[in-house]
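Welcome, and have a look at the structure below.

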Amino acid sequence: MGRVRDAEAELNLPPGFRFHPTDEELVVHYLCRKAALQNLPVPIIAEIDLYKFDPWELPDKALFGQREWYFFTPRDRKYPNGSRPNRAAGKGYWKATGADKPISPKGSNRTVGIKKALVFYSGKAPKGVKTDWIMHEYRLADANRSPNKGSLRLDDWVLCRLYNKKNTWEKIRQQHKEAASLGDAMDSVDDSGSDSFKTTTESDVENEVGFPDFNELGASYIPQASTGMEAVSTCKADQIQMTQISKKEDNEWFMDLKLEDLQNSYLNSGLTAPVMDATNQDYCFNPLFLRF
(Lines give C-alpha, C1' and ligand atoms only; values in the text may rest on other atoms or scores of the structure.)
Protein backbone atom coordinates (compact mmCIF):
# COMPACT_ATOMS: atom_id res chain seq x y z
CA MET A 1 0.00 0.00 0.00
CA GLY A 2 2.74 2.46 0.92
CA ARG A 3 4.66 3.97 -1.98
CA VAL A 4 8.30 4.97 -1.88
CA ARG A 5 8.94 8.30 -3.59
CA ASP A 6 11.59 11.00 -3.46
CA ALA A 7 9.37 14.06 -3.94
CA GLU A 8 12.26 16.50 -3.56
CA ALA A 9 14.06 14.89 -6.50
CA GLU A 10 10.93 14.48 -8.63
CA LEU A 11 9.68 18.04 -8.12
CA ASN A 12 13.15 19.61 -7.96
CA LEU A 13 12.49 20.88 -4.45
CA PRO A 14 15.27 22.23 -2.23
CA PRO A 15 16.47 20.06 0.66
CA GLY A 16 14.39 20.47 3.80
CA PHE A 17 11.42 21.84 1.91
CA ARG A 18 8.17 21.94 3.88
CA PHE A 19 4.71 22.75 2.57
CA HIS A 20 2.50 24.28 5.25
CA PRO A 21 0.54 27.05 3.53
CA THR A 22 -2.08 29.15 5.30
CA ASP A 23 -5.68 29.32 4.16
CA GLU A 24 -5.02 32.69 2.49
CA GLU A 25 -1.94 31.36 0.66
CA LEU A 26 -3.83 28.32 -0.62
CA VAL A 27 -6.64 30.45 -2.06
CA VAL A 28 -4.65 33.42 -3.37
CA HIS A 29 -1.46 31.78 -4.62
CA TYR A 30 -2.77 28.38 -5.70
CA LEU A 31 -6.55 28.20 -6.26
CA CYS A 32 -6.90 31.61 -7.89
CA ARG A 33 -3.90 30.95 -10.13
CA LYS A 34 -5.24 27.52 -11.06
CA ALA A 35 -8.63 28.96 -12.04
CA ALA A 36 -6.91 31.69 -14.08
CA LEU A 37 -4.68 29.10 -15.86
CA GLN A 38 -1.54 30.69 -14.41
CA ASN A 39 1.62 28.93 -13.30
CA LEU A 40 1.74 27.86 -9.67
CA PRO A 41 4.61 28.80 -7.32
CA VAL A 42 5.43 25.10 -6.92
CA PRO A 43 3.78 22.27 -8.92
CA ILE A 44 3.17 20.32 -5.76
CA ILE A 45 -0.61 19.76 -5.79
CA ALA A 46 -2.00 16.77 -7.70
CA GLU A 47 -5.02 16.98 -10.01
CA ILE A 48 -7.50 14.12 -9.50
CA ASP A 49 -11.22 13.47 -9.28
CA LEU A 50 -11.18 13.23 -5.50
CA TYR A 51 -14.79 12.11 -5.15
CA LYS A 52 -14.11 8.83 -6.95
CA PHE A 53 -11.93 7.50 -4.13
CA ASP A 54 -12.06 6.65 -0.45
CA PRO A 55 -9.89 9.02 1.61
CA TRP A 56 -7.40 6.32 2.62
CA GLU A 57 -6.64 5.76 -1.07
CA LEU A 58 -5.70 9.38 -1.67
CA PRO A 59 -2.31 9.70 0.11
CA ASP A 60 -0.70 7.42 -2.47
CA LYS A 61 -2.03 9.69 -5.23
CA ALA A 62 -0.63 12.91 -3.77
CA LEU A 63 2.55 14.48 -5.11
CA PHE A 64 3.80 15.53 -1.70
CA GLY A 65 2.98 15.21 1.98
CA GLN A 66 3.21 12.87 4.94
CA ARG A 67 0.45 13.99 7.29
CA GLU A 68 -1.42 16.41 5.02
CA TRP A 69 -2.18 15.92 1.33
CA TYR A 70 -3.38 18.51 -1.16
CA PHE A 71 -5.44 18.05 -4.33
CA PHE A 72 -7.13 20.03 -7.08
CA THR A 73 -10.44 18.40 -7.97
CA PRO A 74 -13.57 19.29 -9.94
CA ARG A 75 -16.90 19.42 -8.16
CA ASP A 76 -20.22 18.25 -9.59
CA ARG A 77 -23.83 19.07 -8.81
CA LYS A 78 -26.07 16.64 -7.03
CA TYR A 79 -29.05 17.71 -9.17
CA PRO A 80 -28.90 19.13 -12.71
CA ASN A 81 -30.62 22.45 -11.89
CA GLY A 82 -29.41 22.88 -8.32
CA SER A 83 -26.34 24.35 -6.69
CA ARG A 84 -25.92 21.63 -4.09
CA PRO A 85 -22.68 19.68 -4.59
CA ASN A 86 -22.54 15.91 -4.85
CA ARG A 87 -20.67 14.64 -1.79
CA ALA A 88 -20.71 10.90 -2.58
CA ALA A 89 -17.19 9.47 -2.70
CA GLY A 90 -15.83 5.95 -2.97
CA LYS A 91 -17.73 3.65 -0.61
CA GLY A 92 -19.12 6.49 1.47
CA TYR A 93 -19.74 10.23 1.46
CA TRP A 94 -18.42 13.51 2.79
CA LYS A 95 -20.61 15.42 5.24
CA ALA A 96 -20.18 19.10 6.01
CA THR A 97 -19.55 20.12 9.60
CA GLY A 98 -19.39 23.56 11.18
CA ALA A 99 -19.86 26.91 9.48
CA ASP A 100 -18.20 28.12 6.30
CA LYS A 101 -15.21 30.40 6.78
CA PRO A 102 -14.63 33.35 4.40
CA ILE A 103 -11.04 33.97 3.33
CA SER A 104 -9.74 37.42 2.45
CA PRO A 105 -6.26 38.66 1.49
CA LYS A 106 -4.30 40.66 4.01
CA GLY A 107 -5.27 44.32 4.03
CA SER A 108 -8.51 43.69 2.11
CA ASN A 109 -12.08 43.12 3.11
CA ARG A 110 -12.97 41.35 -0.14
CA THR A 111 -13.74 37.69 0.26
CA VAL A 112 -11.91 35.65 -2.36
CA GLY A 113 -12.57 32.15 -1.08
CA ILE A 114 -14.70 29.99 1.17
CA LYS A 115 -13.40 27.23 3.43
CA LYS A 116 -15.66 24.31 4.33
CA ALA A 117 -14.81 21.43 6.71
CA LEU A 118 -16.07 17.94 5.92
CA VAL A 119 -15.93 14.51 7.62
CA PHE A 120 -15.96 11.24 5.73
CA TYR A 121 -18.63 8.64 6.54
CA SER A 122 -18.20 5.07 5.36
CA GLY A 123 -21.36 3.45 3.98
CA LYS A 124 -24.61 4.84 2.64
CA ALA A 125 -26.32 7.94 3.99
CA PRO A 126 -27.83 8.51 6.44
CA LYS A 127 -26.51 5.41 8.25
CA GLY A 128 -22.86 5.83 7.45
CA VAL A 129 -20.11 5.27 9.99
CA LYS A 130 -18.07 8.32 10.91
CA THR A 131 -14.33 8.05 10.29
CA ASP A 132 -11.27 10.06 11.35
CA TRP A 133 -10.69 11.47 7.85
CA ILE A 134 -11.13 15.27 7.60
CA MET A 135 -11.08 17.44 4.50
CA HIS A 136 -10.92 21.22 4.15
CA GLU A 137 -12.43 22.33 0.88
CA TYR A 138 -11.49 25.72 -0.57
CA ARG A 139 -13.66 27.19 -3.32
CA LEU A 140 -13.71 30.58 -5.03
CA ALA A 141 -16.27 33.03 -3.74
CA ASP A 142 -17.08 34.79 -7.01
CA ALA A 143 -17.09 31.82 -9.39
CA ASN A 144 -19.89 31.53 -11.93
CA ARG A 145 -21.97 28.52 -10.91
CA SER A 146 -24.99 28.96 -13.13
CA PRO A 147 -26.30 25.64 -14.49
CA ASN A 148 -25.12 24.54 -17.92
CA LYS A 149 -27.50 22.45 -19.97
CA GLY A 150 -26.29 18.87 -20.22
CA SER A 151 -23.55 19.30 -17.60
CA LEU A 152 -23.40 18.62 -13.87
CA ARG A 153 -20.19 20.55 -13.38
CA LEU A 154 -20.44 22.98 -10.46
CA ASP A 155 -16.80 24.05 -10.16
CA ASP A 156 -13.96 23.38 -12.52
CA TRP A 157 -11.52 23.37 -9.64
CA VAL A 158 -11.62 23.39 -5.86
CA LEU A 159 -8.63 22.87 -3.60
CA CYS A 160 -8.77 20.23 -0.85
CA ARG A 161 -6.55 19.58 2.15
CA LEU A 162 -6.86 16.02 3.48
CA TYR A 163 -5.64 14.64 6.79
CA ASN A 164 -6.42 12.01 9.40
CA LYS A 165 -7.63 13.49 12.68
CA LYS A 166 -5.92 10.92 14.91
CA ASN A 167 -2.87 10.78 12.67
CA THR A 168 -3.22 7.02 12.39
CA TRP A 169 -2.38 6.90 8.69
CA GLU A 170 1.37 6.51 9.26
CA LYS A 171 0.71 3.69 11.73
CA ILE A 172 -1.62 1.97 9.28
CA ARG A 173 0.93 2.33 6.49
CA GLN A 174 3.68 0.95 8.74
CA GLN A 175 1.48 -2.01 9.62
CA HIS A 176 0.89 -2.70 5.95
CA LYS A 177 4.63 -2.51 5.30
CA GLU A 178 5.36 -4.93 8.14
CA ALA A 179 2.63 -7.30 6.93
CA ALA A 180 4.03 -7.17 3.40
CA SER A 181 7.60 -7.83 4.61
CA LEU A 182 6.36 -10.70 6.77
CA GLY A 183 4.51 -12.14 3.79
CA ASP A 184 7.69 -11.92 1.69
CA ALA A 185 9.65 -13.65 4.46
CA MET A 186 7.10 -16.46 4.64
CA ASP A 187 7.20 -16.85 0.87
CA SER A 188 10.99 -17.15 0.96
CA VAL A 189 10.76 -19.79 3.73
CA ASP A 190 8.22 -21.73 1.69
CA ASP A 191 10.43 -21.54 -1.38
CA SER A 192 13.50 -22.75 0.53
CA GLY A 193 11.50 -25.53 2.14
CA SER A 194 10.12 -26.70 -1.15
CA ASP A 195 13.65 -26.96 -2.55
CA SER A 196 14.40 -29.82 -0.14
CA PHE A 197 11.63 -31.88 -1.68
CA LYS A 198 12.71 -31.39 -5.27
CA THR A 199 13.31 -34.52 -7.37
CA THR A 200 16.95 -35.56 -7.49
CA THR A 201 18.47 -34.91 -10.85
CA GLU A 202 19.78 -37.73 -12.98
CA SER A 203 23.36 -36.52 -12.66
CA ASP A 204 23.12 -36.58 -8.84
CA VAL A 205 21.86 -40.16 -8.90
CA GLU A 206 24.68 -41.25 -11.18
CA ASN A 207 27.28 -39.66 -8.90
CA GLU A 208 25.91 -41.10 -5.65
CA VAL A 209 24.64 -44.59 -6.49
CA GLY A 210 25.74 -46.99 -9.21
CA PHE A 211 22.76 -48.90 -10.49
CA PRO A 212 23.21 -52.05 -12.63
CA ASP A 213 22.58 -51.92 -16.35
CA PHE A 214 19.48 -54.00 -16.90
CA ASN A 215 20.31 -54.29 -20.58
CA GLU A 216 23.44 -56.28 -19.67
CA LEU A 217 21.56 -58.55 -17.25
CA GLY A 218 19.13 -59.62 -19.91
CA ALA A 219 15.54 -58.99 -20.65
CA SER A 220 14.45 -61.91 -18.44
CA TYR A 221 15.17 -59.85 -15.34
CA ILE A 222 12.63 -57.17 -16.29
CA PRO A 223 9.04 -58.30 -16.10
CA GLN A 224 7.15 -57.33 -19.25
CA ALA A 225 3.73 -56.21 -18.05
CA SER A 226 1.49 -53.54 -19.38
CA THR A 227 -0.52 -53.16 -16.20
CA GLY A 228 0.05 -53.42 -12.46
CA MET A 229 -2.02 -56.63 -12.12
CA GLU A 230 -0.09 -58.35 -14.93
CA ALA A 231 3.19 -57.37 -13.27
CA VAL A 232 2.06 -58.90 -9.94
CA SER A 233 0.90 -62.09 -11.68
CA THR A 234 4.21 -62.36 -13.51
CA CYS A 235 6.17 -61.98 -10.26
CA LYS A 236 4.08 -64.66 -8.51
CA ALA A 237 4.51 -67.03 -11.44
CA ASP A 238 8.28 -66.51 -11.36
CA GLN A 239 8.36 -67.31 -7.62
CA ILE A 240 6.37 -70.54 -8.09
CA GLN A 241 8.58 -71.60 -10.97
CA MET A 242 11.76 -71.01 -8.94
CA THR A 243 10.32 -73.04 -6.03
CA GLN A 244 9.49 -75.92 -8.35
CA ILE A 245 12.97 -75.82 -9.86
CA SER A 246 14.54 -75.94 -6.36
CA LYS A 247 12.43 -78.93 -5.33
CA LYS A 248 13.20 -80.68 -8.60
CA GLU A 249 16.94 -80.22 -8.06
CA ASP A 250 16.67 -81.74 -4.55
CA ASN A 251 14.72 -84.74 -5.88
CA GLU A 252 17.16 -85.28 -8.74
CA TRP A 253 20.08 -85.31 -6.31
CA PHE A 254 18.45 -88.05 -4.29
CA MET A 255 17.38 -90.06 -7.36
CA ASP A 256 20.88 -89.95 -8.80
CA LEU A 257 22.31 -91.47 -5.60
CA LYS A 258 23.52 -95.13 -6.20
CA LEU A 259 23.71 -97.99 -3.74
CA GLU A 260 27.33 -98.74 -4.66
CA ASP A 261 28.35 -95.20 -3.73
CA LEU A 262 26.81 -95.59 -0.27
CA GLN A 263 28.55 -98.94 0.28
CA ASN A 264 31.89 -97.52 -0.77
CA SER A 265 31.40 -94.66 1.66
CA TYR A 266 30.83 -97.14 4.47
CA LEU A 267 33.93 -99.15 3.54
CA ASN A 268 36.11 -96.07 3.36
CA SER A 269 34.97 -95.01 6.81
CA GLY A 270 35.78 -98.45 8.32
CA LEU A 271 32.16 -99.40 8.92
CA THR A 272 30.43 -102.50 7.75
CA ALA A 273 27.84 -101.73 5.15
CA PRO A 274 24.45 -103.32 5.76
CA VAL A 275 23.37 -106.02 3.38
CA MET A 276 20.42 -104.87 1.38
CA ASP A 277 18.22 -106.87 -0.91
CA ALA A 278 17.66 -104.65 -3.87
CA THR A 279 15.20 -107.12 -5.30
CA ASN A 280 12.80 -106.51 -2.46
CA GLN A 281 10.42 -103.96 -3.93
CA ASP A 282 8.96 -103.10 -0.51
CA TYR A 283 12.34 -102.08 0.81
CA CYS A 284 12.54 -98.38 1.64
CA PHE A 285 15.90 -96.79 2.13
CA ASN A 286 16.00 -93.81 4.45
CA PRO A 287 19.24 -91.81 4.32
CA LEU A 288 18.51 -90.31 7.75
CA PHE A 289 19.65 -93.57 9.38
CA LEU A 290 23.10 -93.33 7.86
CA ARG A 291 25.89 -92.50 10.26
CA PHE A 292 29.21 -91.28 8.91
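Predicted model: local features only at pLDDT ≥ 70, side-chain atom pairs only at ≥ 80, totals over all residues.

Strand 3 and strand 4 (residues 92-103) run antiparallel to each other and pair over two bridges. One of the residues to look for here is Ala-88, whose bridge partner in strand 4 is Tyr-93.

- Seven strands make up an open sheet with mixed pairing, in the order 1-2-7-6-5-4-3.
- At the edges sit strand 1 (46-47) and strand 3 (88-89), each of which pairs on one side only.
- As background, strands of a sheet pair through backbone hydrogen bonds, in either a parallel or an antiparallel way.

**Salt bridges at a glance**

- How many salt bridges does the structure hold? There are 13 salt bridges.
- In general, side chains of opposite charge can pair when their charged atoms come close.
- A network of salt bridges links Asp-23, Glu-68, Lys-101, Lys-115 and Arg-161.

**Asp-23 and Arg-161**

- Asp-23 and Arg-161 form a salt bridge, with 3.7 Å between the closest N and O atoms.
- This pair joins distant parts of the chain, since Asp-23 lies in helix 2 (residues 23-35) and Arg-161 lies in strand 7 (residues 153-164), 138 residues apart.
- Both Asp-23 and Arg-161 are buried.

**Lys-34 and Glu-47**

- Between Lys-34 and Glu-47 there is a salt bridge whose closest N and O atoms are 1.9 Å apart.
- Lys-34 belongs to helix 2 and Glu-47 to strand 1, so that the pair links distant parts of the chain, 13 residues apart.
- Is Lys-34 buried or exposed? Lys-34 is buried, because its relative accessible area is 14%, under the 20% cut-off.
- Glu-47 has 46% relative accessibility and therefore counts as partly exposed, a class that lies between the 20% and 50% limits.

**Arg-75 and Glu-137**

- Arg-75 forms a salt bridge with Glu-137, and their closest N and O atoms are 3.0 Å apart.
- Here too the pair links distant parts of the chain: Arg-75 is in strand 2 (residues 68-76) and Glu-137 is in strand 6 (residues 129-140), 62 residues apart.
- Arg-75 is buried, as its relative accessible area is 4%.
- Glu-137 counts as buried because its relative accessibility is 0%.

Notes
Residues numbered from 1 in each chain as written. Heavy atoms only, no water. Pairing = 2+ DSSP bridges. Helix = DSSP H or I, 4+ residues; strand = E, 2+ residues; numbered from the N terminus. Salt bridge = Lys/Arg side-chain N within 4 Å of Asp/Glu carboxyl O. Buried < 20%, exposed > 50% of the residue type's maximum accessible area, 1.4 Å probe, protein only.
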